[in-house]
Structures are given as structure tokens and as C-alpha cells.
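Biologist: I would like to learn how to read a few features of a model. Please take them one at a time.

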Amino acid sequence: TDVIILDTNKVAYIGGRVRCNVYLRHEFTHALLNRKSQELGNGRWPRYSRVERNYFTLDDYGMQLVSEGLATYIGNGERNRNNIKWPSNREQLYCSDQHFLGNYLVTNIMDEFGAAAIPVMIKNPPRENEIFHPVEWQDRIRELIISSQRSRR
């Protein structure tokens, strides 16, 4: 929707004033990504099969990580390039910080290809067990982007 609900736990009070620019930029980025997905004929995005995160499918987690990663990269300006301990099972995935993992997932791709990577990542989030192998997913996305760039020439 076009409504941003502000969680007052995520704002900073500086000099008696509320500062929530990063939070709003992050949420606004989600709205723009949703709009881009619809322009691509991909429908509303992200679109999860279940509402509650503890019932997410692996595909839902993949979509969530790309969505939160892009919003964190673009909206928050964060870049997580360091190697991290990636979740190896569903429980670890559920207990993880989706913004941190998602940002790691998309940062190198965004650094390499910029905005051209966004439609490819929206349409091709990690699927099934691919969520547990981020480098394999990143390699697949690189190949798709390079292939689409060659076909446009």
C-alpha cells in the first residue's frame, strides 16, 4: 500500500525533535521496488505465500532477503561486503536479521551492476535451497544480468 506505519521504537529524538529519515527512506524504497515490480509485469512485490514470517516458505525468505537487502542498500545506504556466517537451516534463517543478511546478499551485485540489477533480482530471488547458498545465487544473477545486457546489443 501507499501507507507507511511509523514504529516509534525506530526513531531518534535529537534536540526534542523526531528524526526518522533513514526509516522513511527505507520504507519509501520498498514502495518504489513494488512499483518497479508491477511495471515489469511481476505483480505486487514482495508477495509472500504466508503472512507470518515463522510460516514462510524458503521462497518467501528468498524474496524477503532481496527486498530488505535492496531497501537497506538504497534507502539506508548500507553496504555489507564482509563475509558473514550464513544460515545453514530454516531455524537459523528465521532467527536472523533479514536486513543484515539481505544487504549482504545484494551489495556486491548492486556495486557491480547498479540499477540494472534491480529488475533481475526482483524477478529472480533465491529459490528453495538456493537461499542457503548466497554465492551461488549471486553467480546466477550475474549471469542473468550479463546475458540480458548482451541480448540488448
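Biologist: Is Pro 119 buried, exposed or partly exposed?

Modeller: Burial is read from relative accessible area: under 20% is buried, over 50% is exposed, and partly exposed lies in between, with a 1.4 Å probe and protein chains only. Pro 119 has a relative accessible area of 22%, so this residue is partly exposed. This is a predicted model, in which local features need pLDDT of at least 70, side-chain atom pairs count only at pLDDT 80 or more, and totals for chains, interfaces and linings use all residues. Residues are numbered from 1 along each chain as its sequence is written, and side-chain values use heavy atoms, with hydrogens and water left out.

Biologist: Where is Pro 119 found, and which residues is Pro 119 in contact with, leaving aside neighbours within four places in sequence?

Modeller: Helices are DSSP runs of H or I with at least four residues, strands are runs of E with at least two, and both are numbered from the N terminus. Pro 119 belongs to helix α5, residues 117–123. Contact means heavy atoms within 4.5 Å. Leaving aside neighbours within four places in sequence, Pro 119 touches Lys 36 and Leu 40.

Biologist: How is the packing of two helices described?

Modeller: Two packed helices are described by the angle between their axes and the distance between the axes. Each axis is a line fitted to C-alpha atoms, for helices over the stretch in contact, and angles run from 0 to 180 degrees between N-to-C directions. Here helix α2 (residues 58–76) and helix α4 (residues 98–113) have axes that come within 7 Å and cross at roughly 70°. That makes α2 roughly perpendicular to α4; the class spans 65 to 115 degrees, with under 35 roughly parallel, over 145 roughly antiparallel and the rest oblique.

Biologist: Which residues of α2 and α4 meet?

Modeller: On the α2 side they include Leu 65, Glu 68 and Tyr 73, and on the α4 side Leu 101, Leu 105 and Met 110. The residues of this contact divide into 9 nonpolar, 8 polar and 2 charged. In that count Ala, Val, Leu, Ile, Met, Phe, Trp, Tyr, Cys and Pro are nonpolar, Asp, Glu, Lys and Arg are charged, and the others, Gly among them, are polar.

Biologist: Is Gln 64 buried or exposed?

Modeller: Gln 64, in helix α2, has a relative accessible area of 7% and is buried. Beyond its neighbours within four places in sequence, its contacts include Tyr 48, Arg 53 and Gln 98.

Biologist: How many aromatic pairs are there?

Modeller: Rings of Phe, Tyr and Trp (its six-membered ring) pair if their centres lie within 6.5 Å; planes under 30 degrees apart are stacked, over 60 edge-to-face and the rest tilted. The count comes to 3 aromatic pairs. The rings of Phe 56 and Tyr 61 have centres 5.3 Å apart and planes at 65°, so this pair is edge-to-face. Both Phe 56 and Tyr 61 are buried. Trp 86 and Tyr 104 form a tilted pair, 5.8 Å centre to centre with 45° between the planes. Trp 86 lies in the loop between α2 and α3 (90–94) and Tyr 104 in helix α4, so the pair ties together parts that are 18 residues apart in sequence.

Biologist: Which residues do ring pairs link into a cluster?

Modeller: Ring pairs join Tyr 48, Phe 56 and Tyr 61.
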